[in-house]
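Okay, thanks for coming, everyone.

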2 protein chains.
Amino acid sequence: MDWKAEIAAAAERSTAYVQRTPVMRSAVLWEHPVDLKLEHLQHTGSFKARGAFNTLLSLPVPGAGVVAASGGNHGAAVAYAATRLGYRAQIFVPEIAGTAKIALIERTGAALTVVPGEYANALEQARAYEAETGAMQVHAYDAVPTLAGQGTLMREWEQQGLAADTVLIAVGGGGLIGGALGWLQGARRVVAVEPQQARTLDAALQAGAPVDVEVSGVAANALGARRIGSLCFGLAQRHLARRVTVTDAAIVEAQRALWQAHRLLVEPAGATALAALRSGAIAPSRASAWPCCSAAAISPPTRSPEPAAFF
Amino acid sequence: MDWKAEIAAAAERSTAYVQRTPVMRSAVLWEHPVDLKLEHLQHTGSFKARGAFNTLLSLPVPGAGVVAASGGNHGAAVAYAATRLGYRAQIFVPEIAGTAKIALIERTGAALTVVPGEYANALEQARAYEAETGAMQVHAYDAVPTLAGQGTLMREWEQQGLAADTVLIAVGGGGLIGGALGWLQGARRVVAVEPQQARTLDAALQAGAPVDVEVSGVAANALGARRIGSLCFGLAQRHLARRVTVTDAAIVEAQRALWQAHRLLVEPAGATALAALRSGAIAPSRASAWPCCSAAAISPPTRSPEPAAFF
């Protein structure tokens, strides 16, 4: 697989639809400067829009459109990309997703069915709909067009002048870090950061293959895939420099720091990479070869309500 | 007054302290692309930090340090800049400022006195403190070092590749737009945007001199100066291209759009410039000379509580 070519093609075909998100250097979040990619300003609030657009722009979409079972970032991204491109979209949202994320998906214009109970119930309905109508499912992280789309983030960051030699990325199913590894291929040190209660990549690398893990904790609604994607796993075996885990307390501390220092309001998953720096899981190298560190994977406040009190 | 030289010197002396804030182009906020300067990510959440740092770095600060009466962006910026530079800072905050802003000032490490009642009570105490101790007041908008500091925003934006020929800026006391006019001096069309219930610049230009106006409305806590600054007034007479007003409803609509489209959480003052575009107060020119429009003056959610439910 020529990931660099796949990612360049993804960037080319989706550039008119994907938000070029700003970057920012902070001198106060860590003892060294930290570069941030403000990807939570992406359409629907996360990098997932990149993979969704690339998938729908590169694969044939059936007349029945697309279907997803999700109350999370992926579902919102698929709903947004499909409706923006003029396709039908049917999203089955588990009731537990909460009103804020349901409202976000509603605003895209996609057809939305709120399913009582847990995620599994929504997934069951989505599969039945897929079988009945022939609608297409967009994979959340373990498909080439998805990974190539997420890879455009790192390509874009390099175009914006990224100077850091080390890049920290939070890991759930592995779509974002997989795309970054596919683009960089060892050109920078990529560090995987996982919540201690959702270590899919760590478990897979220890076991020698993707395995199911129990997931929980504050970031689970965004990083709570049960198993690392096989594409990401292969790329991580070849190119990952290091992996670390962080506690929920460290994630919440980093989340608060982003708000207090820079008024950046992100969900726990969006603060997970930074948590590795602030908690000391990653120490600055004594060598000047580590002039600054970069934390990607800033995501939206999916768990937070719309700031109703504010409006 | 050589404003370009003042602003260049301000940028030089404060570059180590001021956050270089990111810029972003949105294709979905208006019928044409809109460039945004995300100045709400500045230290303490507004451009006021620029003027505060430049003032404290260019004027002699007495041993008693600095004093301010403010529960708003200026007070937080002065508190932050003073403590960061190692000066004593005493801030008198009116009780009505609310817990979020009081907490923001507290976190800077400045000495803080919460004064019961209205702003006037806090101001009275600040003046008494100034007379007693010899501490210095930093002007909020009508002083050369303040205006020159705010002018660094537009200089920085040009360095970041600003392409727009028209720049919209919200106006309160006139510090930000005054600095921008001083830097640009007619090189781009600068449009002043004022809330209908806080039209200090409009009233002054009609009267031929700064005059007191009644202020109220959703943006009054940040744009509610009673009278435009004389420095800004002079610059506006020479260089302002146009001025428009927007309703409170239009400001709230723009504020909500920034949140829903891009997860940008700003106070009403930070959405006021954009409101001029979305409400139709500024129509796109038919000529291609108006390829995109830029709304500066994105400020922080001062009136909103800390998102306690989120953490």
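So, strand 7 of chain A, residues 166–170, pairs with strand 8 of chain A, residues 189–195, and the two run in the parallel sense over five bridges. To get from strand 7 to strand 8, the chain goes through helix 7 of chain A, residues 175–184, and that β-α-β crossover is right-handed. If you want one pair to look for, take A:Leu168: its bridge partner in strand 8 of chain A is A:Val191. Keep in mind that this is a predicted model.

Now, how many residues of strand 7 of chain A are buried? Five of its five. In a regular strand, side chains alternate between the two faces of the sheet. Here both faces are covered: A:Thr166, A:Leu168 and A:Ala170 are buried on one side, and A:Val167 and A:Ile169 are buried on the other.

Over to chain B. B:Asp35 sits in strand 2, residues 34–37. Is B:Asp35 buried or exposed? Its relative accessible area is 7%, so B:Asp35 counts as buried, the cut-off being under 20%. And its side chain has a partner: a polar contact of 2.7 Å joins it to the side chain of B:Arg25.

Last stop, cavities. Searching the whole structure turns up one cavity of 30 Å³ or more. The largest cavity holds about 60 Å³ of space. Which residues line it? From chain A, we have A:His40, A:Leu41, A:Arg263, A:Leu264 and A:Leu265, and from chain B, B:His40, B:Leu41, B:Arg263, B:Leu264 and B:Leu265. By type, that lining splits into six nonpolar, two polar and two charged residues.

Note on methods: Residues are numbered from 1 along each chain as its sequence is written. Chains are lettered from A and ligands numbered from 1 in the order in which they are written. This is a predicted model: local features need pLDDT of at least 70, side-chain atom pairs count only at pLDDT 80 or more; totals for chains, interfaces and linings use all residues. Side-chain values use heavy atoms; hydrogens and water are left out. On a 1 Å grid over the protein atoms alone, a cavity is a set of points where a 1.4 Å probe fits but cannot get out, and a pocket is an open set with protein on both sides within 12 Å along at least five of seven lines; lining residues have an atom within 4 Å of a point. Grid points are joined across faces, edges and corners, and a volume is the space filled by probe spheres set on the points. Ala, Val, Leu, Ile, Met, Phe, Trp, Tyr, Cys and Pro count as nonpolar, Asp, Glu, Lys and Arg as charged, and the others, Gly among them, as polar. Helices (H or I, at least four residues) and strands (E, at least two) are DSSP runs, numbered from the N terminus. Buried means under 20% relative accessible area, exposed over 50%, partly exposed in between (1.4 Å probe, protein chains only). A polar contact is a pair of N or O atoms within 3.5 Å; within protein, one must be able to donate a hydrogen and the other to accept it, and residues adjacent in sequence count only if both atoms are side-chain atoms. Two strands pair if DSSP finds at least two bridges between them. A crossover is right-handed if, with the strands pointing away from the viewer, the path from the first strand over the helix to the second runs clockwise.
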